[in-house]
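Q: Please walk me through reading a structure, one feature at a time.

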Amino acid sequence: MMIKTLRGMKDILPDEIGIWQYVENAAKELFELFGYREIRTPILEETSLFVKGIGEGTDIVQKEMYSFKDKGGRRISLRPEGTAPVVRSYLENNLNKKEALVKLYYIGPMFRSERPQAGRQRQFHQMGIEVIGSDSFYVDAEVIYLMKAYFDRIGLAGYTIKINTLGCSKDKTGIKKELTRFLKDKTNLLCKDCKVRYKKNILRIFDCKVEGCKALLRSAPKIIDAICGDCKDHFANLKKTLESLKVDYVVDPYIVRGLDYYTKTAFEATHPNLGSQDAICAGGRYDNLVRDTGGSKTGACGFAIGQDRLIMALGSKRESEKALDLYVAVLGEVPYKEGFRLCNGLRINGVSSDMDYQNRSLKAQMRQANRRGAKYVAILGEDELQKDVIILRNMADGQQREIKINNFIDEVKKLKC
RNA sequence: GUGGGUGUAGCUCAGUUGGUCAGAGCACUUGACUGUGGCUCAAGUGGUCGGGAGUUCAAGUCUCCUCACCCACCCCA
């Protein structure tokens, strides 16, 4: 039996790499215009980093992490997300000592051992940004604005930005208590999943799609009513700032991020081209993560774009096959030798060129040149070699002319300019 | 982890109630055009019908098991 990729893991082939390079290059350019600098952290980390950061009770930690012991008996995990590693690196390398506010971005693969489906793989790719070192709502606004600016820049249309606030950690525990009290004698009305959520992560009940649960929650205490004055102001200021930046958003009081570290602002962007996993980007503020990872209390905010889903939403396949400048067609042993030398000479002079390595007929070589999108074909056979020339054929109009072999590379270079 | 669906050529897919069912289109190779691409025409190379058991004179087709993929749930980017 042939060895195949692991479940939920995919090869990205040359024919499909174009769109990946496009979205990555656009991200790098734009993120840097906004003052973010790239950081690359290891794919393997100590398991405890994620247990502390994402939350012990979350599904990601409980059932989705690729965790194992290395030869030294250390418990390590493939990273399931990018924020905790970035925060770890921020602290380990004392980035906060160099600058009060640190703005970072990353692009890379993440791993979660879930059952694959549309828009979900076990190895997936995220492009994320993190701003560490500020409590200001302007940071939240910048992060959301950058997300929007990025989508616009790559030509993505039809997305929806949803925002919400979860309150500070004190508010979060308060809401959980209130909701527990409210649902205490009504748990029998909840769906099967929500009964589990009631015990495990009660805020997620807000997210339930079952009608009975939705109806029940209409009379439940609202997060926005339960949060403190500071958090209310923060959210109000954020909304005002987004409006001044002309960011269209909807307030969705039911988005509740599944990672424990989120506080205050939570947001996501969804797109209708996707299946049921329709979030292409999600993020928010995480004011406790730096402290929980071993640093001092530090405000922070960021987002992660699901690159695989983003590409799905974009739909278009970008041509990745670069057209060849010139194809060298040869006939015979000696011309082959000379053609090979010229072909390589062109390459190091900035002219993309290639040739046949299978001793095929001229017809076959011409066909190949056509398929490769070659603008010119150089034809070299015994006859030409005797005359010390090479035929240069323009593939667009079929015009041919002879060029002295000694001048060939220079002549072709001129055509490129 | 739990459901449902689908596995036939490199790709997209036909294949009737088990009995010329190993097929088509595209792609690829070659030729028509002895050293010149695209268009046309012709020929050709591609398959343990996902894998394994079973029923039968006979299985791509029926039964069971298994694997993979897809979709959905949980959860999430």
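A: Let's start with the labels: helices (H or I, at least four residues) and strands (E, at least two) are DSSP runs, numbered from the N terminus. This is a predicted model, in which local features need pLDDT of at least 70 and side-chain atom pairs count only at pLDDT 80 or more, while totals for chains, interfaces and linings use all residues. Residues are numbered from 1 along each chain as its sequence is written, and chains are lettered from A and ligands numbered from 1 in the order in which they are written.

Q: Which helix gives the largest share of the surface near RNA strand B?
A: Helix H15 (residues 362-371) does, with seven residues. Here a residue is near a strand if its C-beta atom, placed from the backbone, lies within 6 Å of it. RNA strand B is surrounded by 53 residues, and Ala-118, Gly-258, Gly-275, Gly-306 and Asp-383 are the closest.

Q: How do the residues of that surface divide by class?
A: Ala, Val, Leu, Ile, Met, Phe, Trp, Tyr, Cys and Pro count as nonpolar, Asp, Glu, Lys and Arg as charged, and the others, Gly among them, as polar. By that scheme, the surface near RNA strand B has 22 charged, 17 nonpolar and 14 polar residues.

Q: Now helix packing: at what angle do H1 and H13 pack?
A: Two packed helices are described by the angle between their axes and the distance between the axes. Axes are lines fitted to C-alpha atoms, for helices over the stretch in contact, and angles run from 0 to 180 degrees between N-to-C directions. Helix H1 (residues 17-33) meets helix H13 (residues 307-314) at about 110°, and their axes are 11 Å apart. H1 and H13 are therefore roughly perpendicular to each other (under 35 degrees counts as roughly parallel, over 145 as roughly antiparallel, 65 to 115 as roughly perpendicular and the rest as oblique).

Q: Which residues of H1 and H13 make the contact?
A: H1 brings Ile-19, Trp-20 and Val-23, and H13 brings Gln-307, Leu-310, Ile-311 and Leu-314; residues are in contact if their C-beta atoms, placed from the backbone, lie within 7 Å. Sorted by class, this contact of H1 with H13 has six nonpolar residues, one polar and no charged ones.

Q: What are the angle and axis distance for H6 and H11?
A: Helix H6 (residues 137-153) packs against helix H11 (residues 229-244) at about 45°, with the axes 9 Å apart. That angle makes H6 oblique to H11. On the H6 side the contact uses Phe-137, Tyr-138, Asp-140, Ala-141 and Ile-144, and on the H11 side His-234, Asn-237, Leu-238, Thr-241 and Leu-242. The contact of H6 with H11 has six nonpolar, three polar and one charged residues.

Q: And how far apart are the axes of H14 and H17?
A: The axes of helix H14 (residues 333-348) and helix H17 (residues 408-416) are 10 Å apart, at an angle of about 40°. H14 is thus oblique to H17. Leu-342, Gly-345 and Leu-346 of H14 make the contact with Phe-408, Ile-409 and Val-412 of H17.

Q: How many residues of H4 are buried?
A: Seven of the 10 residues in helix H4 (residues 83-92) are buried, which leaves the helix mostly covered. Those buried include Thr-83, Pro-85, Arg-88 and Tyr-90. After H4 comes Asn-94, with a positive phi near 50°.

Q: What is Leu-166 in contact with, beyond its neighbours within four places in sequence?
A: Its contacts are Lys-172, Ile-223, Val-256, Tyr-262, Thr-263, Lys-264 and Ala-266. Leu-166 is in the loop between strand E7 (160-165) and H7, and is buried, with 23 other C-beta atoms within 10 Å. Leu-166 and Thr-263 are 97 residues apart in sequence, yet their C-alpha atoms are 5.6 Å apart.

Q: Which residues does Glu-178 contact, again leaving aside neighbours within four places in sequence?
A: Glu-178 contacts Pro-221 and Ala-226. Glu-178 belongs to helix H7 (residues 169-183) and counts as partly exposed, with 17 C-beta neighbours inside 10 Å.

Note on methods. Contact = placed C-beta atoms within 7 Å. Buried ≥ 20, exposed ≤ 12 C-beta atoms within 10 Å, placed from the backbone.
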